[in-house]
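Welcome! Try each task with the structure open before you read on.

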Amino acid sequence: MIPEALRRPSLVRRLVILAAGWSLAVLLVSALVLSLLFQQAALRRFDQGLSELIDNLVAGATIGEKGQVLAPALTDLRALRAYSGKYWQIAEPAGGKLHILVRSRSLWDSDLRAPVGAVDALSANPGKPVSYDTRGPLEEPLRAMVSQAKLPGRATPVIFMAAEDRTPVDNDIRSFVAATAVVFLLLGAGLVAAVVIQVRVGLNPLFALRREV
């Protein structure tokens with residue numbers, strides 16, 4: 001037989017469970033929202049760096065005497081080291097695919113992967129960059145951006161691509177999520193304790209009356 005106290009929770013137990021459950025639910029949602037906002041802010045900052053790299057490529061690219069695209073001399077030394085984690089390439093659309101014109105030395109003999117349907121999307125919205133996640137030459141996680149522009153003296157549009165290893169950003173996000181989880185767990189434990197104390201203190205006159213009866 002189940003004891004009566006277990007089958008029918010006391011008023012104190014019901015109030016504690018209700019208040020603690022509501023508080024923990026609010027804390028959980030708040031933690032998830034904060035983690036999502038931090039991730040979005042971190043990726044926005046990351047994309048801003050990629051956008052600046054593409055802008056430098058567009059501004060510095062020129063057309064040679066034979067019609068070939070010449071890339072500017074960039075000052076970022078990481079793009080000069082093989083498989084450094086920072087890459088760029090310049091391509092042109094060719095039958096729904098990309099034909100690579102010039103690439104950064106860091107790519108060596110590899111190519112940056114474009115998202116599916118990127119050529120059509122760029123043609124439909126020229127000048128609007130597309131951000132996406134992909135894998136690098138060493139299968140490292142990359143955050144990449146692709147944009148289309150026209151260069152003076154060249155009829156065919158040119159597609160500029162830039163990418164960087166997103167491992168540091170992912171580590172920052174994981175560290176933030178872990179720290180947030182610890183803080184909210186401690187806060188949740190404190191709230192539950194506060195609820196128990198508040199309910200006990202608030203209902204103390206009722207308990208005293210019951211004892212007198």
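Before starting, keep in mind that this is a predicted model.

**Exercise 1. The order of the strands**

Task: Work out the order of the strands in the open sheet of 5 strands, then name its edge strands.

Solution: 
- Step 1. The order is β4-β3-β7-β6-β5, and the pairing is antiparallel.
- Step 2. β4 (97-103) and β5 are the edge strands, since each pairs on one side only.
- Step 3. On average, neighbouring strands of this sheet are turned by 35 degrees against each other, direction ignored.
- Step 4. Look at one end of the order: β3 (residues 86-94) and β4 pair over 6 bridges in the antiparallel sense. Here alanine 94 has lysine 97 in β4 as its bridge partner.
- Step 5. At the other end, 6 bridges join β5 (residues 130-135) to the antiparallel β6 (residues 141-149). Serine 131 has methionine 145 in β6 as its bridge partner.

**Exercise 2. Glutamate 139**

Task: Describe the backbone of glutamate 139 and find its salt bridge partner.

Solution: 
- Step 1. Glutamate 139 belongs to the hairpin of β5 and β6, which has 5 residues between the strands.
- Step 2. Although glutamate 139 is not a glycine, its phi is positive, at about 65 degrees.
- Step 3. Glutamate 139 forms a salt bridge with arginine 113, and the closest N and O atoms are 2.7 Å apart.
- Step 4. Arginine 113 lies in the loop between β4 and α3 (118-124) and glutamate 139 in the loop between β5 and β6, so the pair ties together parts that are 26 residues apart in sequence.
- Step 5. Glutamate 139 is partly exposed at 44% relative accessible area, and arginine 113 is partly exposed at 40%.

**Exercise 3. Arginine 166 and its partners**

Task: Which residues form salt bridges with arginine 166?

Solution: 
- Step 1. One partner is aspartate 133, with the closest N and O atoms 2.6 Å apart. This pair links arginine 166, in the loop between β7 and α4, with aspartate 133 in strand β5, 33 residues apart.
- Step 2. Another partner is aspartate 170, with the closest N and O atoms 2.8 Å apart.
- Step 3. Arginine 166 counts as buried at 10% relative accessibility, and aspartate 170 is buried at 17%. Aspartate 133 counts as partly exposed at 46%.
- Step 4. Asp47, Asp133, Arg143, Arg166 and Asp170 are linked in a network of salt bridges. In total, the structure holds 8 salt bridges.

Definitions and conventions: Residues are numbered from 1 along each chain as its sequence is written. This is a predicted model: local features need pLDDT of at least 70, side-chain atom pairs count only at pLDDT 80 or more; totals for chains, interfaces and linings use all residues. Side-chain values use heavy atoms; hydrogens and water are left out. Two strands pair if DSSP finds at least two bridges between them. Helices (H or I, at least four residues) and strands (E, at least two) are DSSP runs, numbered from the N terminus. Axes are lines fitted to C-alpha atoms, for helices over the stretch in contact, and angles run from 0 to 180 degrees between N-to-C directions. Buried means under 20% relative accessible area, exposed over 50%, partly exposed in between (1.4 Å probe, protein chains only). A salt bridge is a side-chain nitrogen of Lys or Arg within 4 Å of a carboxyl oxygen of Asp or Glu.
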